[in-house]
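Dear colleague,

Please find below the structure that I am handing over to you. My notes on it come after the sequence and the coordinates.

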Amino acid sequence: MSLLTILLQAAADLIPIAKMGAGLGAGLAAIGAGIGIGQIGRGAVESIARQPEAGGDIRSNMIVAAALIEGVAFFAIVVCLLIIFI
Amino acid sequence: MMLSRMLLQKKRLFIALPLILLSVLFLSPSSVLAAGEKEEHSGEASHSPGQEEEKFNAGIMIIDHIVDAHEWHILSTRTRHVSIPLPVILVEQGKVHTFMSSRFHHGHASYKGFKLETEGKNEGKIVRVIGDSMETDQNAPLPLDLSITKNVLALFISCILICIIFISVARSYRKREGHAPKGLQSILEPVILFVRDMARSSIGDHKYERFMPYLLTLFFFIFFNNLIGLVPFFPGGANLTGNIAVTMVMALITFIITTFVGNRNYWKHIYNTPGVPWWLKFPLPLMPLVELMGVFTKPFILMIRLFANITAGHIIMLGFISLIFIFGNINIVLGYSVSVVSILFAVFMGLLELLVAFIQAYVFTLLSSLYFGMAMEEHH
C-alpha cells in the first residue's frame with residue numbers, strides 16, 4: 001500500500017478520537033466561560049455591595065461583559081460542532 | 001417631539017428594505033454555506049410515518065427543527081404528515097424553474113430534472129439528475145437555489161409583523177402629537193428610548209441621529225425574530241436568527257457602515273497606531289496586521305455570537321423534550337415519569353431563552369453602536 005493510502009486509513013481510523021477531542025473541547029470551553037462569568041458576577045456583586053446606588057449601571061455592564069465572554073465560548077462550541085459534523 | 005420625528009423618518013423603511021432584500025438574497029443560497037446546515041428528510045421517509053419510525057432518533061429530530069427546509073412541517077400524526085409545501089425557485093444556465101416542493105415527495109421523486117439529494121456532500125440540497133431517473137448527475141454544477149424556504153417565509157412573516165406594528169405606532173404618534181402615548185406606543189416608547197440612550201452614549205450627542213434608523217431596525221428585527229423563533233407552532237418556530245446567513249448579513253451591514261463612516265483618526269489607529277514603537281510597524285508590519293485582524297474579527301464574532309446563542313438555546317430545549325421520548329423508548333412508565341422533570345426544565349430553559357432573546361438583541365445593537373462610535377471618534 002502506498003504511503004498516501006496508509007495515511008488516509010489512519011485519518012479515517014482516528015475519526016472517533018477526533019470526536020472525543022471535540023467533546024473535550026466543548027467541555028473546556030464551558031469551564032472557561034463558567035470561570036469568566038463567575039468572576040464578572042463576583043466583581044459586580046461586590047461593587048453593588050459597596051455602592052448600592054450604582055446598582056443599575058453595574059448590572060448593565062455585567063450583562064454586556066457576560067454576553068461578550070459567552071461569545072468567545074461559543075466560538076469554541078462552533079469549532080467543536082464543525083469537527084463533529086464536517 | 002423628536003421621537004415622532006424619528007419614527008416618521010422614511011429613512012427607516014429605506015434601511016429596513018435593503019436589509020430584508022439582502023437577507024433574502026443571502027438566505028436563499030443558504031444551503032450552499034457549510035456552517036453545519038443539513039436538510040435531512042430521512043426522518044420522514046414515507047408518507048405514513050407509523051411503520052417507518054419505530055426508534056425515535058433525537059439527533060435527526062433536533063437537526064430537522066434547527067435547519068432550513070423546503071417545506072414547513074406542522075405536525076405528524078400516526079398516519080400522515082401535515083406540512084406546508086413551499087415554492088422552489090431554481091436558476092440554472094439562465095433558465096428559471098419554479099414549482100412547489102411537494103413535487104419532490106420528500107426526496108423520493110425527481111421533477112423537471114432536479115431532486116433533493118439525500119446522501120453525500122450535497123445532502124439536503126437540490127441537485128440535477130440524469131434524464132428522468134433518480135441518479136444524481138455528478139458532473140453538473142448545483143443550480144442557484146433562490147427558493148422560498150422555511151426561513152425566508154419566516155423572514156417575510158416577521159417583517160410584515162414589524163412593519164404593521166411600527167407603521168401603526170408612527171401613525172399614532174403623528175395623530176396624538178403633544179398627547180401622552182397610548183396603547184402600543186406606550187410599550188414601545190421605553191424600548192425605543194433605551195436604544196436611543198445606548199446610541200447616544202456610544203456615538204456621541206451630535207452624531208447619533210443618523211444611525212438611529214439602522215440601530216432601531218437591528219434591535220427590533222433581532223428581538224422579534226428571536227421571540228418568534230421560540231413559539232413552537234406555525235407561524236413561529238423557524239429559527240431565523242439561528243441561521244448563519246441572516247446573522248452574516250447583519251454583521252456585514254454593520255461592517256460596511258463602520259468602514260464608510262470611519263474617519264482619518266480611525267484608520268490611523270489601525271495602520272499607524274500611535275504610541276506603538278516603530279519596529280513593530282516597519283519592516284515587518286506586525287501591529288497593522290494585528291489591528292487589521294481585529295477589524296475583521298469584530299463583525300465575525302457578532303455573527304457567531306447571535307447564531308450560536310439562538311441555535312444552542314433551541315437545541316437545549318429540543319433536547320429536553322427528546323429526553324422524554326428517549327426514556328419512553330426504554331420503558332413507557334419511565335417516559336411518563338421523566339416527562340414531568342423534562343417539561344419543568346424545558347419551561348425554565350424557555351424563560352432563560354426569553355432573557356437571551358432580549359440580551360442578544362441588546363448586545364448586537366450595543367456593539368454595533370460602539371463600533372460606529374469608535375469609527376467616528378475625534379482625537380482627544
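Predicted model: local features only at pLDDT ≥ 70, side-chain atom pairs only at ≥ 80, totals over all residues.

Chain A

Chain A contains three helices and zero strands. In sequence order its pattern is α-α-α. The radius of gyration of chain A is 21 Å, whereas the globule rule gives 12 Å for 86 residues, so the chain is more spread out than a compact globule. Of the 86 residues in chain A, 9% are buried. As for contacts within chain A between residues at least 6 apart in sequence, 75% of them join residues at least 24 apart.

Domains of chain B

Chain B is divided into two parts. Domain 1 is made up of residues 2–25 and 151–375, and domain 2 covers residues 87–147. The centres of these two domains of chain B, taken over C-alpha atoms, are separated by 34 Å.

Where the chains meet

The contact between the chains involves 11 residues of chain B and 13 residues of chain A. On the side of chain B that touches chain A, α10 (286–330) and α11 (332–375) of chain B each supply at least two residues. The largest share of that side, six residues, comes from α10(B). By residue type, the side of chain B that touches chain A divides into eight nonpolar residues, two polar ones and one charged one.

Nonpolar cores

The largest nonpolar core has 52 residues, and B:L215 and B:F219 are those with the most contacts inside it. Which elements give two or more residues to this core? From chain A there is α3 (55–85), and from chain B there are α5 (150–175), α6 (184–203), α7 (212–230), α8 (244–261), α10 and α11. Leaving aside residues up to four places away in sequence, B:F219 touches B:V195, B:A361 and B:T365. There is also a second, separate core of seven residues, which includes B:F104, B:F114, B:I126 and B:V127.

Strands of chain B

Strand β1 (residues 71–76) and strand β2 (residues 81–85) of chain B run antiparallel and are joined by five bridges. A hairpin through four residues connects β1(B) to β2(B). Within this pair, B:L75 stands opposite B:V82 in β2(B).

Three further strands of chain B form an open sheet in the order β4-β3-β7, with antiparallel pairing. In this sheet β4 (95–100) and β7 (144–145) of chain B stand at the edges; each has a single partner strand, so one side of each is left without a neighbour in the sheet. Strand β3 (residues 87–92) of chain B pairs with β4(B) in the antiparallel sense over six bridges. B:P87 stands opposite B:M100 in β4(B), and B:I89 has B:T98 in β4(B) as its bridge partner.

Backbone details

Three residues deserve a separate word here.

B:Q93 has a positive phi near 50 degrees. This residue lies in the loop between β3 and β4 of chain B, in a hairpin that has two residues between the strands. Is B:Q93 buried or exposed? B:Q93 has 8 other C-beta atoms within 10 Å; a residue counts as exposed at 12 or fewer, so B:Q93 is exposed.

B:N239 likewise is not a glycine and has a positive phi, of about 55 degrees. Its place is the loop between α7 and α8 of chain B. B:N239 has 25 other C-beta atoms within 10 Å; the cut-off for a buried residue is 20 or more, so B:N239 is buried.

A cis peptide bond, with omega about 0 degrees, joins B:F234 and B:P235. B:P235 is located in the loop between α7 and α8 of chain B.

With kind regards

Methods:
Residues numbered from 1 in each chain as written. Chains lettered and ligands numbered in written order. Rg over C-alpha atoms; globule rule 2.2 N^0.38 Å. Contact = placed C-beta atoms within 7 Å. Domains from an automatic or database assignment. Nonpolar A, V, L, I, M, F, W, Y, C, P; charged D, E, K, R; others polar. Core = buried A, V, L, I, M, F, W, Y, C linked by C-beta atoms within 7 Å. Pairing = 2+ DSSP bridges.
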